[in-house]
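Please keep the viewer open as you read.

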Amino acid sequence: MAEGDNEVASREVAVDVRWSLQRRRVRSVWILLLGGPVVVVGANFALGLICDQCGMVAAVVWILFLLVRCYQVLGFRCPRCGEQFYIKGSARWGGKHCLHCGIRFGDVAKAK
Ligand SMILES: [Zn+2]
């Protein structure tokens with residue numbers, strides 16, 4: 001295997017890691033969206049016995065986690081062109097192609 005082949009292979013692995021990290025971030029947004037209210041209601045019930053404001057604190061913490069995770073997901077940079085994958089003028093949540101270069105999400109072979 002030539003040295004150039006190693007460089008291409010390591011770059012493809014790095015791109016694959018970025019796609020994988022982004023997949024996990026998107027998955028965690030869905031978990032936060034769907035599971036968060038259940039946890040907040042449970043915390044409100046359980047912690048409400050301890051203090052009056054604990055439920056509100058749990059809700060604020062959940063919203064902060066959700067906002068940070070959404071910010072990370074929407075700020076994802078395309079491995080090919082380096083631009084924001086989901087944002088071009090306005091945000092398009094859940095798009096499968098880069099709004100700038102058109103690379104399909106998860107496509108390693110076409111990444112530069
Ligand atoms: Zn792109």
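## Starting in helix α2

Methionine 56 sits in helix α2, which covers residues 54–74; helices here are DSSP runs of H or I with at least four residues, strands are runs of E with at least two, and both are numbered from the N terminus. This is a predicted model, in which local features need pLDDT of at least 70 and side-chain atom pairs count only at pLDDT 80 or more, while totals for chains, interfaces and linings use all residues. Residues are numbered from 1 along each chain as its sequence is written.

Methionine 56 and alanine 43 are 13 residues apart in sequence, with 9.2 Å between their C-alpha atoms.

## The whole chain

The chain has 2 helices and 2 strands, and from the N terminus on they follow the order α-α-β-β. How does the radius of gyration compare with that of a compact globule? The chain has 19 Å, whereas a compact globule of 112 residues would come near 13 Å; the radius is taken over C-alpha atoms, and the globule rule is 2.2 Å times the number of residues to the power 0.38. Along the principal axes, the C-alpha atoms fill a box of roughly 65 × 35 × 15 Å.

Of the 112 residues, 6% count as buried. Among contacts with a separation of 6 or more, 36% are between residues 24 or more positions apart; a contact means that two C-beta atoms, placed from the backbone, lie within 7 Å.

## Two loop residues

Cysteine 51 belongs to the loop between α1 (3–48) and α2. Cysteine 51 counts as exposed because it has 10 C-beta neighbours inside 10 Å. Asparagine 6 is 45 residues from cysteine 51 in sequence, and their C-alpha atoms are 58 Å apart.

Glycine 82 is found in the loop between α2 and β1. With 11 C-beta neighbours inside 10 Å, glycine 82 is therefore exposed. Its C-alpha atom is separated by 9.2 Å from that of histidine 100, 18 residues away along the chain.

Isoleucine 87 lies in strand β1 (residues 87–88). It is partly exposed, because 16 other C-beta atoms lie within 10 Å. Leaving out residues up to four places away in sequence, isoleucine 87 touches Leu74 and Leu99. Tryptophan 62 and isoleucine 87 are 25 residues apart in sequence, and 25 Å separate their C-alpha atoms.

The predictor's confidence in each residue, pLDDT, runs from 0 to 100. The chain averages 85, and 93% of the residues score at least 70. Confidence is highest in β1, at a mean of 92, and lowest in strand β2 (residues 90–91), at 81. Where pLDDT is low, the predicted coordinates should not be read in detail.

Technical notes: Buried ≥ 20, exposed ≤ 12 C-beta atoms within 10 Å, placed from the backbone.
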